Amino acid sequence: MHKIQSFPEYQVPGAQHQDFSPYESNGGSIVAIAGEDYVVIAADTRLSSGYTIHTRKQNKLFQLSEKTVLGSTGCWCDTLALTSLVNARMQMYEHLHLKTMSTEAVAQMLSILMYNRRFFPYYVSNVLAGLDSEGKGVVYSYDPIGHCERTTYRAGGSAGTLLQPVLDNQIGGKDKDVKNKPKVPLEKAKEVAKDAFISAAERDIYTGDSVILKVITKDGITEEEVQLRKD
Amino acid sequence: MYSHNNIFQTELWKGGPSPGQFYNFPGTNYNNSNTGGFTAPDIFGSKRSSSPITTGTSVIGVKFDGGVMIAADNLVSYGSLARYQDVQRVFKINEKTIIGAGGDFADFQSLKRSIDQKMVEDMCYQDDIDMKPKSLYNWLTRILYNRRSRINPLWLEMVVGGMQDGEPFLGHVDLRGRAYEDDVVATGFGKHFALPLVREQISNGEVLTLNQASQVLRKCMEVLYYRDCRAISKYSVAVSTAQGTIVQGPFEVNQNWALATMIKGY
């Protein structure tokens, strides 16, 4: 007992002295919009911490299969660990079941993998875009501990809070009559996604440099890159 | 016979440490292991090194036409003391791979032993298959991420370069396992001073020649020497091309202090 009393009160048994943070925010934003037979997912290519830009060409979109793409931002080292784990598990699934994981299955698995680290989370913002088993576009979004929600559009990452209301208005038609929800054509989805990033780059210092946009349809995945402001 | 007085202690070595142990000065240590919780948990849990001790400063890497170059000065500091002034911080790993290290130099040396052991294993197969830079880069990523996840990081910022299937490869890994590839990477102060100097030369997608690359690295090391208090004027460069890898130097940066006499007012 006397041993503990001779220490300052903050040093109690089991307490960890800690001035190293395992986490770091490396910025980056994701936008995903799903349509009837397509899904668009876009992420910027800036990797930064604080006022430092590490690289201007970091792809944050991970193609998991012919019809599933994962966008992942936040703590970049966690993104790397998580996505390589997802890739490994998808390969194991393929070898075991002789088929590629469906988007729904990947979505569920991702939630479980993230919840597995409930008490030392992957500090990442994930948006999963793909075509479901019926060929319809879907978007799944996650919180860092694995809560999963299926939606039709989502903005995530450092400018997620900035962009979500724009999508609510432009894609979700939240202000419109509930009965007459407009179907969003692919071209509009692409334009809204690009404009969203151009706008986010104006105010969010963690978003910029360029945006990579992937369009998933039954015919495959196409990719395009749009330059953003680099300051 | 002597039992009636206390001149002689009956117990030999009373209060001393048991064999193989160290003496605990009163009030400093409370268990016999005397590791201070560094190697095994004591009653206050386990402790880790949470800051670097002997450190190397910036490392800069650039790709050029047909290869990669990594430069770092030859100083390992002990806090603000310029302690070891003739230390190599860039290395040839094999004929395809070069690395440079900043951060805690002890951590790097321990890691380097593991890397060298891997190269010996590679050699033992006698199959002419060498580890490629991307494999080493990815391996480092996993090692560093693993250690950060145990809140016991290897305090390093490393640059890995080399030739990957005929193409130049250049990557950066830090103490958290954060990793990225680029045409030019830098660590520490180099991020602020060297990156802009190189980036302005390749801003329109130009590819540097070997000569241009070594010139721009020279300029970077010069600027860093002037402005980084933890840098010295001597630096080495590791070069990787299709022909193989080589460490060159040490070189001396150009320095001109004629201007210094004009600086007045503080």
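## The second largest pocket

The model in which it is found is a predicted one. Its lining is made up of 18 residues, and those nearest the centre are Ala34(A), Gly35(A), Glu36(A), Thr152(A) and Pro182(A). Two elements of chain A, strand 8 (137–142) and strand 9 (148–151), are the ones that give two or more residues to this lining.

Sorted by class, the lining of the second largest pocket holds seven nonpolar, six polar and five charged residues.

## Arg150(A) in strand 9 of chain A

Strand 9 of chain A includes Arg150(A). Is Arg150(A) buried, partly exposed or exposed? Its relative accessibility is 42%, so Arg150(A) counts as partly exposed. The cut-offs behind this are under 20% for buried and over 50% for exposed.

Leaving aside residues up to four places away in sequence, Arg150(A) touches Glu104(A), Asp132(A), Val138(A), Val139(A) and Tyr140(A). With one of these, Asp132(A), the side chain of Arg150(A) forms a polar contact from side chain to side chain at 3.1 Å. Trp76(A) is 74 residues from Arg150(A) along the chain, and the C-alpha atoms of the two are separated by 24 Å.

## The largest pocket

The largest pocket has a volume of about 600 Å³. Among the 23 residues of its lining, Lys57(A), Asp182(B), Asp183(B), Ile202(B) and Gly205(B) are the closest to the centre. The elements that give two or more residues to this lining are strand 12 (220–227) of chain A and strand 2 (59–64) of chain B.

By class, six nonpolar, six polar and eleven charged residues line the largest pocket.

## Chain B as a whole

Chain B contains four helices and 13 strands. Of its 266 residues, 44% are buried. When contacts in chain B between residues at least 6 apart in sequence are considered, 60% of them join residues at least 24 apart.

## Strand 7 of chain B and its partners

Strand 7 of chain B covers residues 97–104 and is mostly covered, with eight of its eight residues buried. Which strands pair with strand 7 of chain B? Strand 1 (residues 54–56) of chain B runs antiparallel to strand 7 and is joined to it by two bridges. Within this pairing, Gly56(B) has Gly103(B) as its bridge partner.

Strand 6 (residues 90–92) of chain B also pairs with strand 7 in the antiparallel sense, over three bridges. Here Val90(B) stands opposite Gly100(B). One of the paired positions is Thr97(B), whose bridge partner in strand 8 is Gly162(B).

## Glu157(B) in strand 8 of chain B

Glu157(B) belongs to strand 8 of chain B, which spans residues 156–164. What does the side chain of Glu157(B) meet through polar contacts? The side chain of His172(B) lies in polar contact with that of Glu157(B) at 3.0 Å, and the side chain of Lys191(B) makes a polar contact with the side chain of Glu157(B) at 3.1 Å.

Residues up to four places away in sequence aside, Glu157(B) touches Gly100(B), Ala101(B), Gly102(B), His172(B), Val173(B), Asp174(B), Thr187(B), Gly188(B) and Lys191(B). One of these, Gly100(B), is the residue of strand 7 that stands opposite Val90(B).

Arg89(B) is placed in the loop between strand 5 (81–84) and strand 6 of chain B. Is Arg89(B) buried or exposed? Arg89(B) counts as buried because its relative accessible area is 0%, and the cut-off for a buried residue is under 20%.

The side chain of Arg89(B) is in polar contact with backbone oxygens. A polar atom of this side chain lies 3.2 Å from the backbone oxygen of Ser58(B). The backbone oxygen of Leu75(B) is 3.3 Å from a polar atom of the side chain of Arg89(B).

Notes:
Residues numbered from 1 in each chain as written. Chains lettered and ligands numbered in written order. Predicted model: local features only at pLDDT ≥ 70, side-chain atom pairs only at ≥ 80, totals over all residues. Heavy atoms only, no water. Polar contact = N/O pair within 3.5 Å; in protein donor to acceptor, adjacent residues only side chain to side chain. Contact = heavy atoms within 4.5 Å. 1 Å grid on protein atoms, 1.4 Å probe; cavity = no way out; pocket = protein on both sides within 12 Å on 5 of 7 lines; lining within 4 Å. Points joined across faces, edges and corners; volume = space filled by probe spheres on them. Nonpolar A, V, L, I, M, F, W, Y, C, P; charged D, E, K, R; others polar. Buried < 20%, exposed > 50% of the residue type's maximum accessible area, 1.4 Å probe, protein only. Pairing = 2+ DSSP bridges.
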